[in-house]
Amino acid sequence: MDAAVALERVTKTFGSHVAVRELSLAVPRGCIYGFIGPNGSGKTTTIRMLLRILLPDAGRIEVLGSEGTRAANDRVGYLPEERGLYKKMKVLDLLAYYGALKGLPRRDARAAGAEWLERMGLSAWGGRKIEALSKGMAQKVQFISTVLHAPDLVILDEPFSGLDPVNLNVLREAILELNRRGTTVLFSTHDMEMAERMCDFLCMIFKGEKVLDGTLDAIQARYGTDSVRLRADGARELLAGHPSVEALVDMGNYQEVRLAQRDAAQSLLQFLAERTRVSLFEISRPSLHDIFVRIAGPEAAAAAASGARGADDVR
Amino acid sequence: MSVKALVVARTEYLKAVRSKAFIIGVLLMPLLMGGSFIALAISEKAKDTQPRTFAVVDRTGGLLWTALDEAATKRNERDIFAPPSAGTPGKQLQPRFVPQRVEPAADGASNAAASDLQLSERVRSGDIFGFVILGHDLPTPRADESDAADREFSWQTETPTYNDLPDWIESVVNSTLRSHRLAQAGLDQGLVDRLSQREALREMGLARRTASGEVRRSAESDKAANFGVPLVLTLLLFMLVMSTAPSLLNAVLEEKMQKIAEVLVATVPPFDLMLGKLLAAVLMTLTLSLIYVGAGMIFLNNASGLPPQVAAAITPRILMWFALFQVLALLIYGSLFAAIGASCSEMQDAQSLMGPMMLLLMFPMFFLGPVLQSPDSTMSRLMSLFPPATPVLMMLRIAVPPGPAAWELVLAVVLTVLCTALCIWAGGKIFRIGILSQGQAPTWRRLAQWIMSK
């Protein structure tokens with residue numbers, strides 16, 4: 001079996017609320033897998049079921065070849081969405097503790113911790129207490145505690161929320177590096193652009209149900225090649241009701257237009273150029289956000305938008 | 001128990017015993033006790049030696065005034081000083097009592113009232129501390145209940161909480177009256193004293209036959225050993241449990257509030273996590289009791305002036321029970337407190353759930369007196385077999401000779417172990433669900449549902 005994680009028709013309900021409905025997906029080994037959807041769509045519940053923190057009501061879950069047990073958990077690194085560390089513990093002691101909990105001999109855990117601190121530029125902080133660290137440093141330590149035991153699978157729940165751009169880049173580099181070394185990475189995010197940049201495979205869920213999955217290329221090939229990014233004075237008004245335009249999404253600095261026909265781009269450019277000043281006209285594959293909106297409908301668009309805003313206040 | 005529980009226990013234990021709070025706590029208890037001894041010694045030295053001047057209205061014609069005056073003079077010369085040492089006179093420990101004679105008012109109720117008021121004003125102004133009124137007919141014995149003679153014997157002061165002076169006056173006046181009345185009846189005071197001499201009761205342990213066959217009378221029993229040892233051991237047990245078990249609530253709640261819990265339960269099954277924490281708490285109190293009991297034994301074996309029965313009363317058997325009940329109590333209460341900590345998201349919510357638990361933890365303490373007085377009464381037996389109270393009350397009964405019967409001990413241990421298992425099981429159920437719960441505090445009904453969930 002070459003899937004690191006496989007779900008078959010998994011359902012989880014809380015009281016009368018269905019958090020995840022008949023979800024099936026397969027995460028191939030060695031890939032970066034994006035688990036995307038607006039907040040409240042069931043991502044965290046699914047991840048918790050993978051780790052058997054929650055048990056599914058129905059369906060089958062297999063993680064790293066073991067089914068229905070916590071046996072694989074020691075080979076999994078998990079970074080929850082809400083995270084924190086023991087403030088009073090020293091950095092290396094904490095890393096050794098987390099490593100030991102994952103089954104590493106304490107000495108090996110300490111050595112691995114020291115190595116990671118070095119790589120992250122934190123080696124001077126090993127003997128300091130967590131409470132002495134800055135927020136960015138604590139986030140790095142948190143990440144180290146997740147991957148210290150060289151897991152085969154890393155599960156990251158909204159890893160990028162609340163990070164400043166510098167730390168975000170550090171974390172993204174670290175994740176890509178892990179993946180290059182063969183670790184399967186599964187991360188959830190409501191940030192579709194981030195998913196688009198990083199993931200080989202994607203799964204979109206909305207209201208507990210899968211709306212889309214596959215490789216980024218496959219998804220875009222299926223739904224794409226008919227999207228134009230343009231910036232032109234008064235484009236919104238000019239294009240309203242134009243027969244070649246199926247939908248127009250105003251992104252602020254530019255408009256994203258989904259064309260009704262595949263080869264309508266040229267005629268559209270001509271149409272605009274005759275009437276106004278065009279400063280940007282780019283034929284592109286559609287953004288994930290756009291695809292998501294097209295598949296899940298306008299309600300999902302609103303949810304995704306509010307989710308993106310609401311998620312900024314985490315931490 | 002899994003390896004992970006042991007990893008948790010090791011880390012939590014080391015974290016706890018290395019923390020400043022632990023070290024301060026360990027030192028604080030002896031310091032507090034030492035401090036109270038020092039405070040006692042200081043207060044001993046800083047005795048109140050301000051003279052107490054008081055007025056005496058003696059309507060007996062001088063009999064009692066003379067006695068009070070003489071007794072005061074004698075006392076002020078001899079009795080208020082510490083014993084002299086190495087040639088230096090002893091330090092004054094008590095105030096001088098200075099009587100002042102005040103002529104009784106002329107006959108008539110209004111005159112007496114005026115005199116009362118005048119003396120009261122003197123007390124209020126601070127001129128005198130108080131005044132005593134001695135009725136005209138006190139020297140003669142009371143004839144019968146309807147005796148209407150002037151037998152007033154009263155003490156009036158602004159400071160009713162100071163008892164030394166009125167007690168002293170009462171004693172001087174009564175012994176004077178007794179001598180006077182005996183003499184009036186023609187009896188010899190010395191003879192009466194000899195005939196009414198009191199005999200002291202000695203409290204002994206039981207005699208027993210030694211291995212060599214001779215019967216040995218037991219040594220005189222000792223109050224400190226009979227009451228002090230059981231009480232101190234029981235209180236120590238209670239304090240150790242009381243100071244450790246509720247801290248589990250804080251530790252678990254902190255893990256939830258600091259968002260550490262989810263990482264932990266993704267790695268360690270919740271039940272193992274709780275077991276690890278309980279184990280750490282057990283190790284922690286065992287460490288503490290080793291320190292305290294050890295230090296106490298060293299002190300008892302080397303301190304002079306303590307009866308040997310005290311050290312002898314702390315047998316290895318008693319210490320073994322002490323350790324066993326301590327562990328069981330900690331497991332019972334620790335698992336319950338950990339479960340409450342796991343089920344709440346905020347300290348305030350935890351407080352309200354904690355109330356009944358604290359009551360359960362404390363209620364055996366209300367029975368210490370009755371159980372110590374009669375350890376074998378039906379109530380003592382029943383209470384000490386009620387598992388939440390067993391550790392404290394059974395410990396007390398074991399430490400009081402002769403101790404409970406063997407069957408009671410066996411039953412107590414069986415019941416308490418069952419209760420411990422039940423608490424750990426139920427606590428584990430609540431812990432498992434609670435540790436990930438967010439939002440408002442669960443109701444008791446909700447907790448019961450969590451326990452019953454599969």
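pLDDT is the predictor's confidence in each residue, on a scale from 0 to 100. It is needed here since this is a predicted model, in which local features need pLDDT of at least 70 and side-chain atom pairs count only at pLDDT 80 or more, while totals for chains, interfaces and linings use all residues. Residues are numbered from 1 along each chain as its sequence is written, and chains are lettered from A and ligands numbered from 1 in the order in which they are written.

Start with chain A. Its mean pLDDT is 84, and 93% of its residues reach 70 or more. Where pLDDT is low, the predicted coordinates should not be read in detail.

Chain A contains 11 helices and 14 strands. Helices (H or I, at least four residues) and strands (E, at least two) are DSSP runs, numbered from the N terminus. The C-alpha trace of chain A spans about 70 × 45 × 35 Å along its principal axes. Of the 315 residues in chain A, 41% are buried. A residue is buried if 20 or more other C-beta atoms lie within 10 Å of its own, exposed if 12 or fewer, and partly exposed in between, with C-beta atoms placed from the backbone.

One residue shows how this works. S188(A) sits in strand β8 (residues 184–189) of chain A. It counts as buried because it has 24 C-beta neighbours inside 10 Å. Leaving aside neighbours within four places in sequence, S188(A) is in contact with F35(A), K43(A), I47(A), D157(A) and E158(A). P159(A) is 29 residues from S188(A) in sequence, yet the two are 7.6 Å apart in space, C-alpha to C-alpha.

Chain B has 17 helices and six strands. Its radius of gyration, taken over C-alpha atoms, is 32 Å, well over the 22 Å that the globule rule (2.2 Å times the number of residues to the power 0.38) gives for 454 residues, so chain B is more spread out than a compact globule. In chain B, buried residues make up 31% of the 454.

Within chain B, look at helix α5 (residues 164–184). Its 21 residues reach 30 Å from first C-alpha to last, close to the 30 Å expected at 1.5 Å a residue, where the expected span is 1.5 Å times one less than the number of residues. The buried residues of α5(B) are I169(B), V172(B), V173(B), T176(B) and L177(B). Seen down the axis, they fall within an arc of 125 degrees, so they line one face of the helix; the arc is that of the directions from the helix axis to the C-beta atoms. The face turned away from this buried side carries exposed residues D164(B), D167(B), S171(B), N174(B) and S175(B). Covering the buried residues are, among others, α3 (63–78), β3 (130–134) and β4 (153–157) of chain B.

Finally, the two chains touch. The contact takes 17 residues from chain A and 15 residues from chain B. On the chain B side, α1 (3–18) and α8 (261–267) each supply at least two residues, and the largest share, five residues, comes from α8(B).

Technical notes:
Contact = placed C-beta atoms within 7 Å.
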